[in-house]
Amino acid sequence: MTLLVILATLLLIVAAHQLFRVIELSRKLRKTQEWQISDADNNLMGRFLLVFLILFLGFFFWQVERWFGRSLPPAASEHGQKVDLLWDANMYLITFIFIVTNCFLFWFAYKYRGNSKQKAEFYPHNNKLEMLWTVVPAIALSFIIIFGLKYWNEIMKLPKSEKRVVIELYAKQFDWTARYPGKDGKLGETDFRQISGSNAVGMDTTDLSGNDDILVKNEFHIPVGQEIELRMRSRDVIHSAYLPHFRAQMNCVPGMITFFKFKPTKTTAQMRNDPYVVEMMKNINAQRAKNNKEAVEFDYVLLCNKICGASHYNMQMNLIVDTEADYKAWLQKQKPVKTVALK
Amino acid sequence: MSTHTSHLEQEHAVHTDHAHAHGHDHDDHEESFVSKYIFSMDHKVISRQFLITAVIMGVVAMVMSIIFRMQLAWPAEKFGFINAMLGDKWGKDGILDPNMYLALVTIHGTIMVFFVLTGGLSGTFSNLLIPYQIGARDMASGFLNMLSYWFFLVSSIIMVSSLFISDGPASAGWTIYPPLSALPEAIPGSKLGMTLWLISMAIFIVSSLLGSLNYIITVINLRTKGMKMTRLPLTIWAFLVTAILGVLSFPVLLSCALLLIFDRSFNTSFYLSDIYIGGRPLDNVGGSPILFEHLFWFLGHPEVYIVLLPALGITSEIISTSSRKPIFGYRAMIGSILAIGFLSFIVWGHHMYLTGMNPFLGSVFVFTTLLIAIPSAVKAFNYITTMWKGNIQYTPAMLFSIGLVSSFITGGVTGIILADSTLDINVHDTYFVVAHFHIVMGLSAIFGMFAGVYHWFPKLFLRMMNKKLGYLHFWTTIISAYGVFFPMHFLGLAGVPRRYYTNSNFPMFDNLVDINEVVTVFAIIGALSQGVFLINFFYSMFRGEKAPQNPWKSNTLEWTTPMAHLHGNWPDALPEVHRWAYDYSKPGKDKDYVPQTIPLSEGEDDGGAH
């Protein structure tokens, strides 16, 4: 096999060599300079560039038509809906710029393809024009900046609501643990030196407020319509808690606690009935059937979105958004961690 | 200034006499092969050394990308190719190992950003064009210039050698965020591989600094008579600002890397705190990975422009020459290069909106980052207006320049999204980002580099490249490049994180298989079509047609030197410059170009002056 590959490569080299010999000889006979750009070259390339523009835009619309429907479903959180709104506005704007400027570029490339009979126009500058395309982008950008910052400040404002649900997300290679404060409403202190097989998130066993904390793996629940405050910690390297359906993301950094707050607007059950999601899951399950995988239902998911090691691609936890009542019932069933017993 | 110039002139005059004594063509015949081609201090030779090293590094990085693209499109599929490239350890039964996957994306990024697009692009064209286009005999210090190349080569060799060690090369991503990069327990690539990466980069930074200092000094001090700053070709402006960015930002990367070396080897805690790994808590407390991120991106963002500006400079020159028109808005182009250079230092935080950095700081960076869109837009519009009513000559270089403008726009507009912290939340670290920076930085800079190679090949190797192969190369490249990177936007919209070994562990990504296949198929076509370039490049180097004096009918000074590699560049006195570089198709002239050495006729305006 290897021998065959070597032989084939050698043959290719010999063939290429012969080809170049022929080209060289014919060039000598015709006494033309291959590298010179003729009018025919300019015509051909100018036309190709125009055709390329058409194909390029065609490819763009083809992709939008085929793949845009696979985008994440509409946001399932309050701030996420604003993010989506801003996203759409920006996307329309940049799509417009992208299409118009590319059209100008390739149209000029076609229209002004060289010809030995013509001469270019000497046109070194035009202050008005330049002012125009400095000022117009500046105005457009100031709108983008103003709206972007307005939403950003809202999203990042420290949570105030008394009723908010505080949950800690604890990241380590390569899984997530969610910690709930328990009955006293207070998350117990932590100390990374106390981490052990039975104390995986490093609860400080001297702090009694941690005694009723609840630890959950694989799947965690949150109530709909309430402000959720996520506090993030990491045991080893940087991870990133990414909740794409809620437009929420924040890094988990060893040595510090990071925050993200959001208010979910749709329960998992509601989401499963959302027409966009139904259509999406149909396609997903059709693809899964092809690969002999079982059908699945929609679930919110927490992903790790910062390179963290070999199994980075599989660091996940499911998230269920419940009604208030379901959430309370679920929480009731969870057993407290009993840090006192760990001592 | 003028006394200084004349002093240098005298120095050169001595040189020139020496050259005369030996005849024009065999100026340096007494030099041995080693001093002429290997330890050469001649800017032209050093330029070729950089280019050929970068081409080899580029091939290595490209093959890596094909391996991980095959994995992403067809995970769990067995490929003889992968086994052949990586052996049984990393590619057992033709399936890529997950750690090796991360190593490949890491080294691919590192090589492309630093070795191809920084060393390769700046090293090749700054070296070739700065002395030529400003009318100097050579760089200010030939010796430092030579050292710059040799440090570059050593760092390249160390980086490539890290591929062959038993734990595998660095694999924490090209941004090597600690603690992942600091802790050997976290990932095998953070053992010896990371040490080699850091050593290689430290040496690379030395190379870059030696080069950049030289470029700055040369541009400032060695311009020939009449070469005012406002008469410099935009290439030189771009190289100058690039070099300044490098001098100001690379030392910060060095300190960033040094502190990481300390944390790794001497148990300091600059970046580490509260870590439990490998079954034990570490002693380190008080450090913060955020500090690393600040230091890294303080280089990292200017680095984007270190990569991009030379490509933009090269394109300015080629679009003007090939359109047979002056570059539109020469002064605005200089202004936007300077503005981009300045702004690039105060935008690094946009890589860090979601790292836990204070959100208020994030809003400052939103503001500064979006400002950079203004000079970028000015540049794009000026390129397009330069082509308007031109008489465009489609050399392969011009085609690649148009490709650059297209990708600069296409990739640039998504930057507006990513600069907006609110919108960044959901696409941060997804394929949307991968699409954005590959198009705006990767494609534009590579297109600029190809454009430069096709355009200045006659000055590099005194021969012409084959035009038809150049055309073929351009069309296959641009089609496959957009075919690879455009679909990635849609993966990002679906929320696919970057640096995932496979997407098959999340049902939500199951319907994206065909997008990944399209990307990989185009990637393979694109990689194969670079073979056309390599054949053309190496063939033309030895057997291409002999280059005439000024094949593209260009105005700049490099085309006034004889088509020979003279030590000292001009056999006689240095040329004197009388006008800007862009008098193409000027009314009242019989030819459609007026070289910079032609004196202004009575009452004639100098283009750069207004």
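**Exercise 1.** Find the residue with a positive phi just after helix 12 of chain B, then compare the span of helix 12 with the expected one.

*Solution.* Keep in mind that this is a predicted model.
- Step 1: Just after helix 12 of chain B comes B:Lys389, with a positive phi of about 55°.
- Step 2: Helix 12 of chain B covers residues 373-387, which is 15 residues.
- Step 3: The expected span of a helix is 1.5 Å times one less than its number of residues.
- Step 4: Now look at the surroundings. In helix 12 of chain B, 15 of the 15 residues are buried, so the helix is largely enclosed by the rest of the structure.

**Exercise 2.** Repeat the analysis for helix 9 of chain B, and say where the helix bends.

*Solution.* 
- Step 1: Helix 9 of chain B runs over residues 289-323 and has 35 residues.
- Step 2: At 1.5 Å a residue, helix 9 should span 51 Å; its end C-alpha atoms lie 50 Å apart, which agrees.
- Step 3: The bend is at B:Trp297 and amounts to about 30°.
- Step 4: Of the 35 residues of helix 9 of chain B, 32 are buried, so this helix is largely enclosed by the rest of the structure.
- Step 5: After helix 9 of chain B comes B:Arg324, with a positive phi near 55°.

**Exercise 3.** Describe how chain B meets chain A, and which residues touch the most other members of the largest nonpolar core.

*Solution.* 
- Step 1: On chain B, 108 residues are in contact with 99 residues of chain A.
- Step 2: Helix 13 of chain B (residues 396-419) gives the largest share of the chain B side, ten residues.
- Step 3: Sorted by class, this side of chain B holds 66 nonpolar, 29 polar and 13 charged residues.
- Step 4: The largest nonpolar core has 278 residues, and A:Leu169, A:Ala241 and B:Leu180 touch the most other members.
- Step 5: Follow B:Leu180 across to chain A: among the residues it touches are A:Val237, A:Ile238 and A:Ile307. In chain B, the residues touched by B:Leu180 include B:Ala172 and B:Ile187.

**Exercise 4.** Compare the radius of gyration of chain A with that of a compact globule.

*Solution.* 
- Step 1: A compact globule of 343 residues would have a value near 20 Å.
- Step 2: Chain A has 30 Å instead.
- Step 3: The C-alpha atoms of chain A fill a box of roughly 95 × 65 × 40 Å along the principal axes.
- Step 4: Buried residues make up 37% of chain A.

Technical notes:
Residues are numbered from 1 along each chain as its sequence is written. Chains are lettered from A and ligands numbered from 1 in the order in which they are written. This is a predicted model: local features need pLDDT of at least 70, side-chain atom pairs count only at pLDDT 80 or more; totals for chains, interfaces and linings use all residues. Helices (H or I, at least four residues) and strands (E, at least two) are DSSP runs, numbered from the N terminus. The bend at a residue is the angle between axes fitted to the seven residues ending there and the seven starting there. A residue is buried if 20 or more other C-beta atoms lie within 10 Å of its own, exposed if 12 or fewer, and partly exposed in between; C-beta atoms are placed from the backbone. A nonpolar core is a set of buried Ala, Val, Leu, Ile, Met, Phe, Trp, Tyr and Cys residues joined through C-beta atoms within 7 Å. Two residues are in contact if their C-beta atoms, placed from the backbone, lie within 7 Å. Ala, Val, Leu, Ile, Met, Phe, Trp, Tyr, Cys and Pro count as nonpolar, Asp, Glu, Lys and Arg as charged, and the others, Gly among them, as polar. The radius of gyration is taken over C-alpha atoms; the globule rule is 2.2 Å times the number of residues to the power 0.38. Lists of a residue's contacts leave out its neighbours within four places in sequence.
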